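Keep the viewer open as you read.

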Amino acid sequence: EFESEKVDVPAFETLPIVVTGVTLNKTTLAKIVGETEKLTATVAPANATDKTVTWTTSDAKTATVGTDGTVTAIAVGSATITAKAGTKSATCVVTVNETP
């Protein structure tokens, strides 16, 4: 005997609202070794389906970034922090200086 499972199909599909842009509260940051600062990423539009932001650094030896956008200055130099949501991204150049 063949039994087909009943599947509820909605009358209309809700299209995902794609991310149209990401902006950071700062595009450059100057820090001293050991300092931290949290960057804030704003995803547009406000009602985007998936507003997950992924943070990356171009040079983890110079500066790291946490999952919440907290940048930690590790060593003298510069690194680019990137916040990505969907297909869009924004960057912040972090310059790390020696302790005066």
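Leu29 has Val94 as its bridge partner in S9. That bridge belongs to a parallel pairing, in which S2 and strand S9 (residues 88-97) are joined over 5 bridges. Strands here are DSSP runs of E with at least two residues, numbered from the N terminus, and two of them pair if DSSP finds at least two bridges between them. Before going further, note that this is a predicted model, in which local features need pLDDT of at least 70 and side-chain atom pairs count only at pLDDT 80 or more, while totals for chains, interfaces and linings use all residues. Residues are numbered from 1 along each chain as its sequence is written, and side-chain values use heavy atoms, with hydrogens and water left out.

S9 also pairs with strand S8 (residues 77-85), this time in the antiparallel sense and over 9 bridges. Ser78, for instance, has Thr95 as its bridge partner in S9. S8 and S9 form a hairpin with 2 residues between the strands, and Gly86 takes a positive phi near 60° there. As background, strands of a sheet pair through backbone hydrogen bonds, in either a parallel or an antiparallel way.

Now return to S2 (residues 28-32), the strand where Lys31 is found. Is Lys31 buried or exposed? Lys31 counts as buried because its relative accessibility is 12%, and buried means under 20% relative accessible area, with over 50% called exposed and the range in between partly exposed (1.4 Å probe, protein chains only). Leaving aside residues up to four places away in sequence, Lys31 touches Thr36, Glu37, Ala73, Thr95, Val96 and Asn97, where contact means heavy atoms within 4.5 Å.

One of those neighbours deserves a look of its own. The side chains of Glu37 and Lys31 are joined by a polar contact of 2.8 Å; such a contact is a pair of N or O atoms within 3.5 Å, and within protein one must be able to donate a hydrogen and the other to accept it, while residues adjacent in sequence count only if both atoms are side-chain atoms. Glu37 sits in strand S3, and its bridge partner in S7 is Val71. S3 and strand S7 (residues 70-73) run antiparallel and are joined by 3 bridges.

Which strands make up the open sheet here, and in what order? The order is S3-S7-S6, 3 strands with antiparallel pairing. Strand S3 (36-38) and strand S6 (63-65) stand at the edges with a single partner strand each, so one side of each has no neighbour in the sheet.

Leu24 touches residues including Leu39, Trp55, Ala83 and Cys92, with residues up to four places away in sequence not counted.

Finally, step back to the whole chain. The protein chain has 0 helices and 9 strands, helices being DSSP runs of H or I with at least four residues. Buried residues make up 26% of its 100 residues.
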